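Visitor: I'm new to this one and would like a hand reading it. Could you walk me through the main features, a step at a time?

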Amino acid sequence: MSAINSVGKCFFCNAEFKKAGITRHLNTHLVKESKGRNNGTSFHIRIEDDPRSGGLFFLNLWVDGDSLMSDIDDFLRKIWLECCGHLSAFINPKEKKRYSMFDIDEMQSDAEEIMDSATKGMLIKGMKLTHEYDFGSTTTLLLTVSEQFPVAVPGGIILLSRNEPLEIMCEVCKSASATTICTTCYDPNTFCKKCAKQHAKTCEDFADYSAMPVVNSPRMGICGYDGGTIDKKRDGIFVKK
Ligand SMILES: [Zn+2]
Ligand SMILES: [Zn+2]
Ligand SMILES: [Zn+2]
Ligand SMILES: [Zn+2]
């Protein structure tokens with residue numbers, strides 16, 4: 001998927017930017033938004049999937065300093081992650097402790113302590129964090145605190161941008177957007193509606209359990225994940241403009 005373009009739209013002006021440029025662009029808006037105001041603390045956070053799983057998905061969040069880390073966790077679950085209520089945790093790689101198998105309780109209480117903390121007590125500009133959802137089939141996300149601003153965020157968290165649905169095409173006909181993936185096949189494993197019908201004839205798993213919808217999330221095709229519950233209009237398949 002490395003040749004695929006990843007672009008997102010700006011919350012403020014609706015212009016489209018490449019993944020590499022949108023964070024800086026959003027910061028120019030946020031600087032203007034916070035000029036001459038001083039009514040709180042907030043953070044601009046960039047969130048990406050692990051480069052090992054493609055690194056094409058991204059979110060830009062504007063998060064109030066009084067929001068809890070668990071509010072970010074909750075947001076990530078709603079937009080990208082939640083399938084069957086797995087455990088999750090934030091990890092600061094710099095402070096990553098080594099827990100032995102006898103320290104499960106300590107590990108859990110450390111993770112809970114971070115979740116219950118306000119972001120303004122945890123985050124500083126430039127900080128990098130990891131978020132892990134599901135300690136079995138783990139989805140790993142990388143968080144970078146891009147900027148800090150002296151203003152409150154109405155509502156706690158605002159989605160400033162996310163990648164538009166990636167150009168994932170049917171690997172059989174190569175002409176239509178993929179709507180379904182087969183999680184037990186390797187190549188081809190992305191299918192348009194028509195080619196999925198054909199695949200069902202040769203792949204027994206497909207009819208039973210291995211057909212999963214193409215959705216706009218790094219958890220696509222993993223466990224029972226079949227899409228988010230917020231911002232659903234950008235959670236669909238690729239549509240050519
Ligand atoms: Zn803009
Ligand atoms: Zn699950
Ligand atoms: Zn096709
Ligand atoms: Zn298959």
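Guide: Let's start with a term: a nonpolar core is a set of buried Ala, Val, Leu, Ile, Met, Phe, Trp, Tyr and Cys residues joined through C-beta atoms within 7 Å. A residue is buried if 20 or more other C-beta atoms lie within 10 Å of its own, and exposed if 12 or fewer do. Bear in mind that this is a predicted model.

Visitor: Which residues have the most contacts inside the largest nonpolar core?

Guide: They are Ile-45, Ile-47, Leu-61, Trp-62, Val-63 and Leu-76, in a core of 28 residues. Two or more residues come from each of α1, β3, β4, α2 (69–81), β6 and β7. The largest share is that of α2, with seven residues. There's also a second, separate core of 16 residues, and Ala-196, Ala-211, Val-214 and Met-220 are among them.

Visitor: Now the whole chain. How many helices and strands are there?

Guide: You'll find six helices and eleven strands. The chain is as compact as a globular protein of its length, because its radius of gyration is 19 Å, close to the 18 Å that the globule rule gives for 241 residues. Along the principal axes, its C-alpha atoms fill a box of roughly 60 × 50 × 25 Å. Of the 241 residues, 31% count as buried. As for contacts between residues at least 6 apart in sequence, 62% join residues at least 24 apart.

Visitor: How do I read a helix? Which residues of α1 are buried?

Guide: With a helix, look at its length and then at its sides. Helix α1 covers residues 19–34, and its 16 residues reach 24 Å from first C-alpha to last, close to the expected 22 Å. The buried residues in α1 are Ile-22, Thr-23, Leu-26 and Leu-30. They sit on the same side of α1 because they cover an arc of only 95 degrees around the axis. Turned away from that buried side is a face with the exposed residues Ala-20, Gly-21, Arg-24, Thr-28, Val-31 and Lys-32.

Visitor: What do the buried residues of α1 pack against?

Guide: Strands: β1 (7–9), β2 (16–18), β3 (42–49), β4 (58–64), β7 (139–149) and β8 (157–162). Just after α1, also look at Gly-36, which takes a positive phi of about 70 degrees.

Visitor: And strands? Which residues of β5 are on its covered face, and which on its uncovered one?

Guide: In a regular strand the side chains alternate between the two faces of the sheet. In β5 (residues 88–91), Ser-88 and Phe-90 are on the covered face, while Ala-89 and Ile-91 are on the uncovered one. In β6, Leu-129, His-131 and Tyr-133 form the covered face, with Lys-128, Thr-130 and Glu-132 on the uncovered one.

Visitor: How many bridges pair β5 with β6?

Guide: Four, in the antiparallel sense. Ile-91 stands opposite Thr-130, and Ala-89 has Glu-132 as its bridge partner. Then β6 runs antiparallel to β7, joined by six bridges, with Lys-128 opposite Thr-144. Five residues lie between the strands of the β6 and β7 hairpin, where Asp-134 takes a positive phi near 75 degrees.

Visitor: Back to Phe-90 in β5. Is Phe-90 buried or exposed?

Guide: Buried, because 20 other C-beta atoms lie within 10 Å of Phe-90. Leaving aside neighbours within four places in sequence, Phe-90 is in contact with Met-69, Ile-114, Leu-129 and His-131.

Visitor: Where is Lys-174 found?

Guide: In the loop between β8 and β9. Lys-174 counts as exposed because it has 10 C-beta neighbours inside 10 Å. Lys-174 and Ile-157 are 17 residues apart in sequence, with 38 Å between their C-alpha atoms.

Visitor: One last thing: in what order do the three strands of the open sheet come?

Guide: The order is β10-β9-β11, with antiparallel pairing. β10 (190–191) and β11 (211–213) are at the edges, each with a single partner strand, so one side of each has no neighbour in the sheet. Three bridges pair β9 (residues 180–182) with β11, and Cys-182 stands opposite Ala-211.

Key. Residues numbered from 1 in each chain as written. Chains lettered and ligands numbered in written order. Predicted model: local features only at pLDDT ≥ 70, side-chain atom pairs only at ≥ 80, totals over all residues. Pairing = 2+ DSSP bridges. Expected span 1.5 Å × (residues − 1). Arc of directions from axis to C-beta. Contact = placed C-beta atoms within 7 Å. Rg over C-alpha atoms; globule rule 2.2 N^0.38 Å.
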